[in-house]
Amino acid sequence: METPTHEVEYEQMLLSRHTFLNQRGGRRKNSLMERSAYILLSRIRVQGPMSIGELSDAFGLDASTLNRQTAAAMRAGLIERIPDPEGGMARKFRLTDEGTRLLDSEREGIVDILDQVMTDWPDEDIAAFAGYLRRFNYGIEAIGGRPWPRP
């Protein structure tokens with residue numbers, strides 16, 4: 001018997017194939033950064049400077065994976081390593097001005113695409129959809145034990 005949850009599974013599968021919209025080789029067409037960098041920078045932006053250990057806990061990834069991702073982001077000039085602002089021993093990563101600029105540009109590009117996708121949706125429907133997505137993400141975060149901070 002098909003349940004509404006089966007419908008959610010199928011639609012979520014379809015949504016995941018669009019990542020994010022027309023990506024090729026990990027990048028959206030006309031994208032300025034890799035998806036992993038976009039997510040990494042988004043987390044650092046909302047949470048503030050983070051160490052490798054904090055990033056590992058936040059993403060549920062091993063430190064070696066995050067070392068590769070942060071090294072690539074540093075080479076691209078998107079983040080920089082700084083002393084812990086709270087005086088701890090671990091060095092932390094923060095966004096550079098260029099990282100902030102590119103993150104803002106990437107986000108605006110995605111918002112532009114979403115505006116095209118939902119061009120005929122009333123604002124109330126868009127707000128309701130955002131609310132359902134937020135609730136869905138909260139549920140996933142609760143199961144995984146890794147809440148994502150929101151601005």
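Here are a few friendly notes on the fold as a whole and on one helix pair.

1. Please keep in mind that this is a predicted model. The protein chain has 151 residues, and buried residues make up 26% of them.

2. On secondary structure, the protein chain comes to six helices and four strands. Reading from the N terminus, the order of elements is α-β-β-α-α-α-β-β-α-α.

3. For overall dimensions, the C-alpha atoms of the protein chain fill a box of roughly 55 × 35 × 30 Å along the principal axes.

4. Now to the helix pair. Helix H3 spans residues 52-59 and helix H4 spans residues 63-75; the two pack at an angle of about 110 degrees, with their axes 9 Å apart. Angles of 65 to 115 degrees count as roughly perpendicular, so H3 and H4 are roughly perpendicular to each other. Their crossing is right-handed.

5. Which residues of H3 and H4 meet? From H3 come Ile52, Leu55, Ser56 and Phe59, and H4 contributes Ala63, Leu66, Asn67 and Thr70. By type, the residues of this contact between H3 and H4 divide into five nonpolar and three polar, with no charged residue.

Technical notes
Residues are numbered from 1 along each chain as its sequence is written. This is a predicted model: local features need pLDDT of at least 70, side-chain atom pairs count only at pLDDT 80 or more; totals for chains, interfaces and linings use all residues. Side-chain values use heavy atoms; hydrogens and water are left out. Axes are lines fitted to C-alpha atoms, for helices over the stretch in contact, and angles run from 0 to 180 degrees between N-to-C directions. Angles under 35 degrees count as roughly parallel, over 145 as roughly antiparallel, 65 to 115 as roughly perpendicular and the rest as oblique. A crossing is left-handed if the near helix is turned anticlockwise from the far one by less than a right angle, and right-handed if clockwise. Contact means heavy atoms within 4.5 Å. Ala, Val, Leu, Ile, Met, Phe, Trp, Tyr, Cys and Pro count as nonpolar, Asp, Glu, Lys and Arg as charged, and the others, Gly among them, as polar. Buried means under 20% relative accessible area, exposed over 50%, partly exposed in between (1.4 Å probe, protein chains only).
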